[in-house]
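Here's a quick briefing on a ligand site and a few helix pairs. Have a look at the structure first, then go through the notes below.

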Amino acid sequence: MAGSGTDKSKPGADLAGPVVILVEPQLGENIGMCARAMGNFGLKRLRLVKPRDGWPNIAAQRSAAGADFILDNVELFDSVEAAVADCTLLFATSARAHDQAKPVVGPEAAAQEIVAETAAGASAGILFGRERYGLENQEVALANRIVTFPVNPAFASLNLAQAVLLMGYEWFKHATGGALPHTMPDRSERASQQQLEAFFDNLVAELDRVEFLRPPEKRDTMLVNLRNIFTRMEPTKQDIHTLHGAVMAIAEGRKGPAKGGVLGGEQATRLRALLAERAVGTPDAEGGSMRGLARLLRRNPTDAERLLWDRLRSDRRFAGDFKRQTPVGRHIPDFVSFTRRIALELINAGEPEAVATERGARKAWLEARDYRVVWLEAAEVERDIAAVLGRLETVLGQVP
Ligand code: SAH
């Protein structure tokens, strides 16, 4: 049965367990639940001494939850003596002290002894008392040992079926060496050092590309820490494939036409500032990482860029003349029409000084080369694209 954890097609544990003897049980429900607990822990033999409500008992069947095979084979007795006659090792369970010269053991020790003795040919039995007053003194006297559970002394009495369950649990655990019915599924083979290394090389290359491993003096420590993350998790081959794929997917970014980026306007603005500062600083030495940033910007258009780009391509007034550019160098504007010699630039709100300064320098450079430069507020593009396009059309109509 899916989900219930009960699978009747599985072979039940076929172990020689102790006999469970309920002395004058009162409630059918408890008998049924005892049978269920026995079934859970591979116990099969149930004996009843004078059940109060007779036998069979419909309430017992209802609460057995499928442990009918145990109820069907119940053996009935008129006396405790008769019920335990064939037992060579007998335990009496009790919450109370009986003041008898008899060893008192816990359920675990009892279970160990039962496993050892039954292996040596003994037949073990465990007595359980009535719900109302447990076992009488002379019944306890029949047993070799008293079993009592380590419980709260101020509230020591368990429900009958739960007492059976505890004994069944301890016995089954010892009889089976604590084997669990299911464990984590086998993982794929563990990745070799070489596979881990290949992944790591790739990761480091990508991180270098985005200048994650900075400043240079911290690089070695960062690499050790990073590597330890992966060695600690003892990845499988499959894990490495997945990680590899994830890193590459992030590194390659969104493919195809610009789709709406993962960079917010603010992030994009910060990146642009970074680019602008670098461009002023050391254009050659850091050209590689600049290109990385530029590509990131290109792949992640802001809402305004996306909207404008979309209209520039689809609106017949512009006839697909404009190109969207990767801002790799200081002279590259956001959009350009080479045929009409027009450059368009988007101005993002709250941009830092460096970006504005760069844009000013770019404008001068472009105008010196006969380009007209149109600056558009990103906020306005987003608010009223139709108006922006209208203005653009006017500019296009003007003879330069
Ligand atoms: N009121 C009864 C307890 C009945 S509980 C009394 O005072 O003895 C029914 C049976 O569950 C008990 O006779 C005993 O066989 C078992 N049982 C309940 N609590 C137990 C405990 N703490 N240790 C061992 N057996 C217990």
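Let's start at the ligand: of the 19 residues around it, Thr93, Arg96, Gly129, Ala156 and Leu158 come nearest. Keep in mind that this is a predicted model.

**Around the ligand**

- Gly129, one of the nearest residues, has a polar backbone atom 3.0 Å from an oxygen atom of the ligand.
- Ala156 is also on that nearest list, and a backbone N or O atom of Ala156 sits 2.8 Å from a nitrogen atom of the ligand.
- Phe149 gets involved through its backbone too, with an N or O atom 3.2 Å from a nitrogen atom of the ligand.

**α1 against α7**

- On the α1 side the contact uses Asn30, Met33, Cys34, Ala37 and Met38, and α7 brings Leu160, Ala161, Val164 and Leu165.
- Sorted by class, that contact of α1 with α7 comes out as eight nonpolar residues, one polar and no charged.

**α5 against α7**

- The α5/α7 crossing is right-handed.
- α5 puts in Pro107, Glu108, Ala110, Ala111, Gln112, Ile114 and Val115, while α7 answers with Met167, Glu170, Trp171, Lys173, His174 and Ala175.

**α8 against α10**

- Helix α8 (residues 193-209) and helix α10 (residues 237-252) pack at about 15°, and their axes are 10 Å apart.
- So α8 and α10 are roughly parallel to each other.
- The crossing of α8 past α10 is left-handed.
- From α8, the contact residues are Gln195, Leu196, Ala198, Phe199, Asn202, Leu203 and Glu206; from α10, they are Lys237, Ile240, Leu243, His244, Val247, Met248 and Ala251.
- In terms of class, the contact of α8 with α10 has nine nonpolar, three polar and two charged residues.

Notes: Residues are numbered from 1 along each chain as its sequence is written. This is a predicted model: local features need pLDDT of at least 70, side-chain atom pairs count only at pLDDT 80 or more; totals for chains, interfaces and linings use all residues. Side-chain values use heavy atoms; hydrogens and water are left out. Axes are lines fitted to C-alpha atoms, for helices over the stretch in contact, and angles run from 0 to 180 degrees between N-to-C directions. Helices (H or I, at least four residues) and strands (E, at least two) are DSSP runs, numbered from the N terminus. Angles under 35 degrees count as roughly parallel, over 145 as roughly antiparallel, 65 to 115 as roughly perpendicular and the rest as oblique. A crossing is left-handed if the near helix is turned anticlockwise from the far one by less than a right angle, and right-handed if clockwise. Contact means heavy atoms within 4.5 Å. Ala, Val, Leu, Ile, Met, Phe, Trp, Tyr, Cys and Pro count as nonpolar, Asp, Glu, Lys and Arg as charged, and the others, Gly among them, as polar. A residue is near a molecule or strand if one of its heavy atoms lies within 4 Å of it. A polar contact is a pair of N or O atoms within 3.5 Å; within protein, one must be able to donate a hydrogen and the other to accept it, and residues adjacent in sequence count only if both atoms are side-chain atoms.
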